[in-house]
Amino acid sequence: MAGTRQSTSPPAAAARAGALPWTTIAVILSALFMAVLDSFIVVVADPAIEADLHASAGDVQWILAGYQLSYAVFIITATRLADLYGRKRIFLLGVALFTLASAACALAPTAGGLIAARVAQGLGAALMVPQVFAYVTVLVPAARRHSVYGALGIAMGMATIGGQLVGGLLIGADLFDSGWRLVFWVNVPIGTALFALALRHVPATPSAAARGLDLPGVLVLSSALFLLVLPLIQGREAGWPRWVWACFAGSAVAFGAFVAVERRLERRGGDPLVPLTLFRQRSFSLGIVLVLALYALIYSYYLALSVTMQQGLGMSALGAGLVHAPAAGAFFVFSLVASRTVPRYGRRVLEIGAVLLTSGYLATGLLLVSGPRITPLLVIPTLVLQSVGGGLVITPALNTVLSHVGPESAGVASGVLSTAQQCGGALGVAAIGAVFFGSLRHGAADGVAAAGHAFAVASFGVFVIAVLAGVVVFLLPKAPATRG
């Protein structure tokens with residue numbers, strides 16, 4: 001296959017010689033940052049999009065959901081395409097598609113056009129993101145991955161926490177009277193530059209010796225993910241009708257069928273889309289659960305915070321974004337701390353991070369129900385506490401998942417990890433979104449008090465997810481994450 005006959009490039013050779021290919025890493029991390037950012041940057045643009053395109057509430061929901069749905073459903077299939085046709089080729093295709101789709105988003109004349117462009121953008125992200133994790137596993141020696149995973153975790157965390165800040169700044173700048181369209185236009189020059197840099201600096205590394213696409217596996221898994229993610233995204237807006245629960249039931253059946261299809265293919269000596277032997281590794285299987293929980297709480301909490309600041313307190317997109325700035329700074333600093341301390345102290349760093357993260361959510365909820373009216377200055381300290389814990393646990397979690405995965409399984413393991421991130425985010429938004437919006441009393445005489453109450457309830461809900469994540473952390477192998 002094309003992916004198995006690629007020559008060893010200078011970056012790959014340099015990595016084996018001991019020098020980390022930081023130029024390559026910077027290029028692929030920039031693509032990852034851009035993809036993750038676009039999951040969050042649109043949140044603050046929703047009011048402007050709704051007004052400019054005369055979009056309905058359902059349209060606005062699909063502008064967010066179209067990206068997440070195509071991203072989540074296509075990721076694992078994209079990893080197999082990389083094994084078949086070459087990691088670099090698929091990465092470049094993803095960057096090109098994402099960039100062109102971003103231009104289409106910026107030019108969209110109608111809500112329907114914007115939704116279609118967002119679906120294409122999600123497909124581009126699905127092609128890019130798994131290759132990033134796979135490149136780290138293939139190019140970086142196991143003993144030095146902790147520093148690269150530190151950088152990778154920082155990129156993802158900053159895109160997650162800083163997405164609304166960046167969106168607020170871009171909308172506030174309103175360059176050339178572009179308004180909300182600037183949050184998409186900004187991807188075009190960045191994506192173009194990344195494509196040119198990737199052509200030169202991203203190596204054509206050997207991929208797994210895939211013998212085919214496993215079309216039955218692709219169809220069954222894609223159906224299972226679609227039936228899971230669609231109701232998670234749309235269920236709350238639709239009022240949890242019967243079709244939502246039918247989708248969940250169908251998803252469970254489809255996942256069971258996928259396991260059966262893959263086991264049968266393995267017994268026949270075939271090449272399954274997802275080798276089920278991956279899940280026999282304790283660090284991988286527990287790490288996937290940890291990633292699901294962490295991204296469930298991150299996605300949902302920052303959505304609730306943005307709605308609270310903008311709709312509850314009446315802040316502008318820029319003002320709401322600036323509330324995230326101290327937390328983003330704390331996350332950055334303590335992600336660096338984690339990347340330096342995990343190699344020496346191992347799981348203890350994650351344990352401390354999990355306790356601080358959980359304490360931050362609990363402190364926010366207790367503070368808001370104790371009487372004070374919610375203000376940015378009231379919640380910023382607890383947001384910072386959450387980010388200190390998040391920096392210590394979220395960054396090393398990625399290494400935990402992939403630390404014992406060999407290069408031959410790097411692609412599919414990266415696809416499973418990326419899928420867990422997206423499914424966790426959708427699950428968190430569905431669960432915490434239902435709790436938050438169910439507690440938000442629209443039309444209340446005191447809108448600020450109503451928003452504060454709803455955010456307190458959301459904080460307690462996220463606290464429960466954080467406790468689950470903490471339990472998983474304490475079940476991880478005790479050895480430092482970088483010992484393979």
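This is a predicted model: local features need pLDDT of at least 70, side-chain atom pairs count only at pLDDT 80 or more; totals for chains, interfaces and linings use all residues.
H15 covers residues 347-369 and H16 covers residues 376-402. Their axes are 8 Å apart, and the packing angle is about 150 degrees. That angle is over the 145 cut-off, so H15 and H16 are roughly antiparallel. As for handedness, H15 goes past H16 in a left-handed crossing. And what classes of residue make up the contact of H15 with H16? There are 17 nonpolar and 9 polar residues, and no charged ones.

Let's stay with H16 and look at its other partner here, H17. The axes of H16 and H17 come within 10 Å, crossing at roughly 140 degrees. Roughly antiparallel starts over 145, and roughly perpendicular runs from 65 to 115, so this pair is oblique. The crossing of H16 past H17 is right-handed. If you'd like to find the spot on your screens, go to Leu 398, Val 401 and Leu 402 on the H16 side. On the H17 side, they meet Ala 413, Ser 414, Leu 417 and Gln 421. By class, that contact of H16 with H17 comes to 5 nonpolar and 2 polar residues, with no charged ones.

While we have those residues up, here is a bit of helix geometry. An α-helix has 3.6 residues a turn, so residues three or four places apart point the same way. You can turn the model with that in mind and look at Leu 398 and Val 401, both in H16 and both part of this meeting with H17.

Now let's follow H17 to H12. H12 is residues 282-312, H17 is residues 410-439, and their axes come within 6 Å at a crossing angle of roughly 40 degrees. Is that parallel or oblique? Roughly parallel needs an angle under 35 degrees, so H12 is oblique to H17. The crossing of H12 and H17 is right-handed. The contact of H12 with H17 has 19 nonpolar residues, 7 polar and no charged.

Let me zoom in on a residue in H17, namely Gly 428. Gly 428 counts as buried because its relative accessibility is 1%. What does Gly 428 touch, once we set aside neighbours within four places in sequence? The contacts are Ala 296, Ser 300 and Gly 433.

Over in H12, take a look at Ser 285. With 23% relative accessibility, Ser 285 counts as partly exposed. From Ser 285 to Leu 152 is 133 residues along the chain, and the C-alpha atoms are separated by 20 Å.

Another serine for you: Ser 251, which sits in H11, residues 242-267. Is Ser 251 buried or exposed? Ser 251 is buried, at a relative accessible area of 3%. Leaving out neighbours within four places in sequence, Ser 251 is in contact with Ala 224, Leu 227 and Leu 228. Ser 387 is 136 residues along the chain from Ser 251, and their C-alpha atoms are separated by 34 Å.

Most residues other than glycine have a negative phi. Trp 240 has a positive phi, about 55 degrees, although it is not a glycine. You'll find Trp 240 in the loop between H10, residues 215-238, and H11. Trp 240 counts as partly exposed, with 27% relative accessibility.

The other residue is His 54, again not a glycine, with a positive phi near 50 degrees. His 54 is in the loop between H3, 46-52, and H4, 57-85. At 71% relative accessibility, His 54 counts as exposed.

Last stop, H2, residues 22-40. H2 has 19 residues and reaches 27 Å from its first C-alpha to its last, close to the 27 Å expected at 1.5 Å a residue. How many of its residues are buried? The count for H2 is 14 of 19, so this helix is mostly covered.

Terms used. Residues are numbered from 1 along each chain as its sequence is written. Side-chain values use heavy atoms; hydrogens and water are left out. Axes are lines fitted to C-alpha atoms, for helices over the stretch in contact, and angles run from 0 to 180 degrees between N-to-C directions. Helices (H or I, at least four residues) and strands (E, at least two) are DSSP runs, numbered from the N terminus. A crossing is left-handed if the near helix is turned anticlockwise from the far one by less than a right angle, and right-handed if clockwise. Ala, Val, Leu, Ile, Met, Phe, Trp, Tyr, Cys and Pro count as nonpolar, Asp, Glu, Lys and Arg as charged, and the others, Gly among them, as polar. The expected span of a helix is 1.5 Å times one less than its number of residues. Buried means under 20% relative accessible area, exposed over 50%, partly exposed in between (1.4 Å probe, protein chains only). Contact means heavy atoms within 4.5 Å.
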